[in-house]
Amino acid sequence: MSFTPSEIKNKEFSRTKNGLEPSEVADYLSQLSQEIEHLKDQNKQLETVVQEKENNLKSYKEVQQSVSDALVQAQAASQETKAAAAKEAEAIINKANADADRIVNDGIEKARRLSFQTEDMKRQSKIFRSRFRMLVEAQLDLLKNDDWDYLLNYDLDAQQVTEENVQHLNQNDLTEAEKQQAQQAKAQQTAAENKESNKENK
C-alpha cells in the first residue's frame, strides 16, 4: 500500500486516554511527509535521468547498428572490389603472357625462316660459283688451245681459196638430211630463176 506525503501529513489517529502527545505525532508525521516528498522528487529526477540514459542508449544502439551496417557494406564492397581487381589483374597477366608467347613464337618462326632462306641462298651461291668456275675454266682451257695460235698465225694470202672449195668444205660438214635440204633449196632457186628468165624473154 502506497502513501502520499499529504496522506501521511493529514493522517488522523484515534484518541485514547493515555495516548501519544498529539503535537509530537504531528511533527513527526510532518517531517516524514517532507522526507517522502523529497524522496519522490529524487525518484522523479532519477526516472528522468534513467529515461534520458535509455534514450541515449537507444540512440547509441541505432548509431552502432548503422555503423555496423555501414562496415558490413563497406567490407562487402571491399571484397567485391578486391575480387574484381584480382580478376582483372589475372586477365591482364594472362593476356600479357599470351602476347609475349605469340611474339616469341613469331620471332622464333621468323628467325627459322630467315635461317632456312640464308642456307638456301648459300647453297645456291655455292652451286652458281661452282658452275661459273667450271664455265670460266672451260673458257680458259679454250683460250689455251693451240688452235688459236694456228689461226692467228695462218696466212690467208698463201692459199687459193675459191668459192667451189668453200662449198666443198661446207658440204663436208653437212649431214645427209642437210645435204638433201640444200639440194632442194638449190633446185627451187634454179626453177625460180628459169621462170623469171622466161617472163623476161616474152
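## Asp120 and its partner

At 29% relative accessibility, Asp120 counts as partly exposed. This is a predicted model. The side chain of Asp120 meets that of Arg123 in a salt bridge, at 2.6 Å from N to O. Arg123 is also partly exposed, with a relative accessibility of 44%. Both residues belong to helix H2. They sit three residues apart, so about one helical turn separates them.

## Other salt bridges

The whole structure holds seven salt bridges. Some share partners: Lys95, Asp99, Arg102 and Asp106 are joined into one network this way.

Glu119 pairs with Lys122, and their closest N and O atoms are 3.8 Å apart. Both lie in helix H2, three residues apart, about one turn of the helix. Glu119 is partly exposed at 45% relative accessibility. Lys122 is partly exposed too, at 42%. Arg113 and Glu109 form another salt bridge, 3.8 Å from N to O. These two are four residues apart in helix H2, so about one helical turn lies between them. Arg113 has 40% relative accessibility and counts as partly exposed. Glu109 is partly exposed at 33%.

## The helix that carries them

Helix H2 covers residues 22–143. Does its length match expectation, or depart from it? At 1.5 Å a residue, its 122 residues should span 182 Å. The end C-alpha atoms are 175 Å apart, which agrees.

Some residues of H2 are buried: Leu29, Ser33 and Ile36.

## An aromatic pair

The structure has one aromatic pair. Its members are Phe128 and Phe132, with ring centres 5.8 Å apart and planes at 15°. Planes under 30 degrees apart count as stacked, so this pair is stacked. In helix H2 the two residues are four apart, and about one helical turn separates them.

Phe128 is exposed, with a relative accessible area of 56%. Phe132 is partly exposed, at 46%.

## A nonpolar patch

Which residues make the nonpolar surface patch of about 590 Å²? Phe128 and Phe132 contribute, together with Leu135, Val136, Leu140 and Leu143. Val136 lies in helix H2. With 33% relative accessibility, Val136 counts as partly exposed.

Methods:
Residues are numbered from 1 along each chain as its sequence is written. This is a predicted model: local features need pLDDT of at least 70, side-chain atom pairs count only at pLDDT 80 or more; totals for chains, interfaces and linings use all residues. Side-chain values use heavy atoms; hydrogens and water are left out. Rings of Phe, Tyr and Trp (its six-membered ring) pair if their centres lie within 6.5 Å; planes under 30 degrees apart count as stacked, over 60 as edge-to-face and the rest as tilted. Buried means under 20% relative accessible area, exposed over 50%, partly exposed in between (1.4 Å probe, protein chains only). Patches are made of residues with over 30% relative accessible area and no salt bridge: like charges are joined within 9 Å, nonpolar side chains (Val, Leu, Ile, Met, Phe, Trp, Tyr) within 5 Å. Accessible areas come from the Shrake-Rupley method with a 1.4 Å probe; for residues, only the protein chains shown count as cover. A salt bridge is a side-chain nitrogen of Lys or Arg within 4 Å of a carboxyl oxygen of Asp or Glu. The expected span of a helix is 1.5 Å times one less than its number of residues.
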